[in-house]
Amino acid sequence: MSLIKIPLGLIGNIIKARKERFPKLLSIELSNACNSNCIMCPRADLTRKIQHMPLQILEKIIRDCQRKPLKKINLFWFGDSLTNPKLSF
Ligand code: SF4
């Protein structure tokens, strides 16, 4: 029986590539509702349904991001996160 020799550099490169594939910045849209109408905001052009993120989805995102090489998390995207009635900051 012969053993396959895997160069350590190759394993290192695979691990590095996997880490690099995970985003460094995550923007979580807790809600796309908003009570404002800022002139520079493209939100008014969105055709998506206005809705709030369920807590179960947020909890899943948090679980999935554990031990990932994230640098920053934004708790908003198109909308005011504070309008989500399930959240308190
Ligand atoms: S989402 Fe933000 S930028 Fe857009 S209207 Fe609301 S407060 Fe203004």
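Reader: Which pocket does the ligand's space correspond to?
Author: This is a predicted model, where local features need pLDDT of at least 70 and side-chain atom pairs 80 or more, while totals for chains, interfaces and linings use all residues. Numbering runs from 1 along each chain as its sequence is written, and side-chain values use heavy atoms, without hydrogens or water. A pocket here is an open set of 1 Å grid points over the protein atoms alone where a 1.4 Å probe fits, with protein on both sides within 12 Å along at least five of seven lines. The space the ligand takes is the largest pocket.

Reader: How are the rings of tryptophan 77 and phenylalanine 78 paired?
Author: Searching the whole structure turns up one aromatic pair (ring centres within 6.5 Å). The centres of tryptophan 77 and phenylalanine 78 are 5.4 Å apart with planes at 80 degrees, so, with over 60 as the cut-off, the pair is edge-to-face.

Reader: Is phenylalanine 78 buried, exposed or partly exposed?
Author: Buried means under 20% relative accessible area and exposed over 50%, with a 1.4 Å probe and protein chains only. Phenylalanine 78 has 22% relative accessibility, so the label is partly exposed.

Reader: Which residues does leucine 58 contact?
Author: Contact means heavy atoms within 4.5 Å. Skipping neighbours within four places in sequence, leucine 58 touches Ile28, Leu30, Met53 and Leu87.

Technical notes: On a 1 Å grid over the protein atoms alone, a cavity is a set of points where a 1.4 Å probe fits but cannot get out, and a pocket is an open set with protein on both sides within 12 Å along at least five of seven lines; lining residues have an atom within 4 Å of a point. A molecule sits in a cavity or pocket if more than half of its atoms lie within 2 Å of its grid points. Rings of Phe, Tyr and Trp (its six-membered ring) pair if their centres lie within 6.5 Å; planes under 30 degrees apart count as stacked, over 60 as edge-to-face and the rest as tilted.
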